Amino acid sequence: PSPWRWVPVLGFWERSVLRWLIASADPFNISPFRRQSGRFVLICLLVALLPPVHGLLRQRSPPSSAGLWSCPPPPADAGVLRLRGGMVRCVVQRVKSAMVSVDGEVISKVGAGLCVLVGLSDQDTEEGLDWMAKKLLQLKFFGEESRNWRQNVKAVGGEILLVSQFTLYFRSKGSNLDFSKSMPPEQAKEMYQKFVEKVKAEYGDPDKIKDGRFGAMMDVSLVNDGPVTMQVEWPEPSSQKK
C-alpha cells in the first residue's frame, strides 16, 4: 500500500512538496539508521506545520474558489445562534398562590399554578412569542409527591400569572446596571400584550391567565411551591436541551 495513505487530507501539491522535502533530507552521507531517524523527525515537523498553513490559505482564498481551498458557506441561522439563545426569556416559578398589587391595590391574583416573569429583548420576534407560549403550557412542572414532573399546568387546571420584567435583560458596567438590551417600552408593551393573548389562546381558557400592569411599579407576592424556579429561553441554549 502507498505510504502516503495516512495523509488523505493533503492536496496534490502539498503531497508533492512533502515528497520532495523528504527525498532531499539527506545532504550528507550518514548511516541508514540516522538517515531514517532524521526523515522521521522531519515528517513530524512538516505534519505539525501543514495544518495551520493550510487553514491560513483557506481563509485567504476567495469565496468563489473551488476544490481544495473552498470554504462552505455559513448556515442561514448562524446570526441567530450567536445570540446565545436569549431572545425571549422567562423565569417560571411553580406557586401555591401569587398576586400583583399596584399602589396597595390587588390587581391580579391566582391560586396554584405558575408565576412567570417575562423578559423581552431588543431582538425579539413573534416567532419567539409563539414558541414560548407553547413551551409554558407543555413543560411538566407538576405531579404527585412520589411522581413529580409528570403533568403540565393545563393538565392540573392551574392558573398562570404573567408579569412583565425588563430587568431580565440587564448588563453590568462595573457596579452600574444597563438595560439597553431590553426592548424599548412602547414596542415591548405591544409585544407583551400579544404574548398574553397567545398564552390565553394556547391554554384555551382565558380566565386561567392573569397579568400585571405593564410599566407600573408592582408588588409581586407569591408562595413558591417546592421551591421550583426555572429559566426558559428561546431559542433554547444547549444547556437547556438534553
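What follows is a chat about a predicted model of one protein chain.

Me: How many helices and strands are there in the protein chain?
Reply: In this predicted model, the protein chain has 5 helices and 8 strands. Read from the N terminus on, the elements run α-α-α-β-β-β-α-β-β-β-α-β-β.

Me: And what percentage of the residues count as buried?
Reply: The protein chain has 242 residues, and 32% of them count as buried.

Me: Let's go to strand β1, then. Where is Arg89 found, and is Arg89 buried or exposed?
Reply: Arg89 is found in strand β1, which covers residues 88–102, and with a relative accessible area of 14% this residue is buried, because buried means under 20%.

Me: What does the side chain of Arg89 make a polar contact with?
Reply: The side chain of Arg89 makes a polar contact with the side chain of Glu233, at 2.9 Å. A polar atom of the Arg89 side chain also lies 2.9 Å from the backbone oxygen of Leu168, and Arg89 lies over the face of Tyr169, at 4.4 Å from the ring centre.

Me: What about Gln93, where is that one?
Reply: Gln93 also has its place in strand β1, and it is buried with a relative accessible area of 14%. Its side chain makes a polar contact with the side chain of Asn224, at a distance of 3.2 Å.

Me: Changing topic to rings: how many aromatic pairs are there?
Reply: The count comes to 2 aromatic pairs. In one of them, Phe166 and Phe179 are arranged edge-to-face, with 5.3 Å from centre to centre and 80° between the planes.

Me: Which parts does that pair tie together?
Reply: Phe166 lies in the loop between β4 (159–164) and β5 (171–173), while Phe179 lies in the loop between β6 (176–178) and α5 (185–203), so the pair ties together parts that are 13 residues apart in sequence. Phe166 is partly exposed, with a relative accessible area of 48%, and Phe179 counts as partly exposed too, at 29% relative accessibility.

Me: Which residues form the tilted pair?
Reply: Tyr192 and Phe214 form the tilted pair, with 5.9 Å from centre to centre and 35° between the planes. Tyr192 lies in helix α5, whereas Phe214 lies in the loop between β7 (209–211) and β8 (219–234), so this pair ties together parts that are 22 residues apart in sequence.

Me: Are those two buried or exposed?
Reply: Tyr192 counts as buried, at 1% relative accessibility, whereas Phe214 is partly exposed, with a relative accessible area of 25%.

Me: Now the largest pocket: how much space lies in it, and which residues lie nearest its centre?
Reply: About 420 Å³ of space lies in the largest pocket. The lining is made of 21 residues, and those nearest the centre of the pocket are Ser164, Gln165, Phe166, Gly215 and Ala216.

Me: How do the lining residues divide into nonpolar, polar and charged?
Reply: The lining of the largest pocket has 15 nonpolar residues and 6 polar ones, with no charged residue among them.

Key
Residues numbered from 1 in each chain as written. Predicted model: local features only at pLDDT ≥ 70, side-chain atom pairs only at ≥ 80, totals over all residues. Heavy atoms only, no water. Phe/Tyr/Trp six-rings, centres within 6.5 Å; stacked < 30°, edge-to-face > 60°. Helix = DSSP H or I, 4+ residues; strand = E, 2+ residues; numbered from the N terminus. Buried < 20%, exposed > 50% of the residue type's maximum accessible area, 1.4 Å probe, protein only. Lys NZ or Arg CZ within 6 Å of the ring centre and 35° of its normal. 1 Å grid on protein atoms, 1.4 Å probe; cavity = no way out; pocket = protein on both sides within 12 Å on 5 of 7 lines; lining within 4 Å. Points joined across faces, edges and corners; volume = space filled by probe spheres on them. Nonpolar A, V, L, I, M, F, W, Y, C, P; charged D, E, K, R; others polar. Polar contact = N/O pair within 3.5 Å; in protein donor to acceptor, adjacent residues only side chain to side chain.
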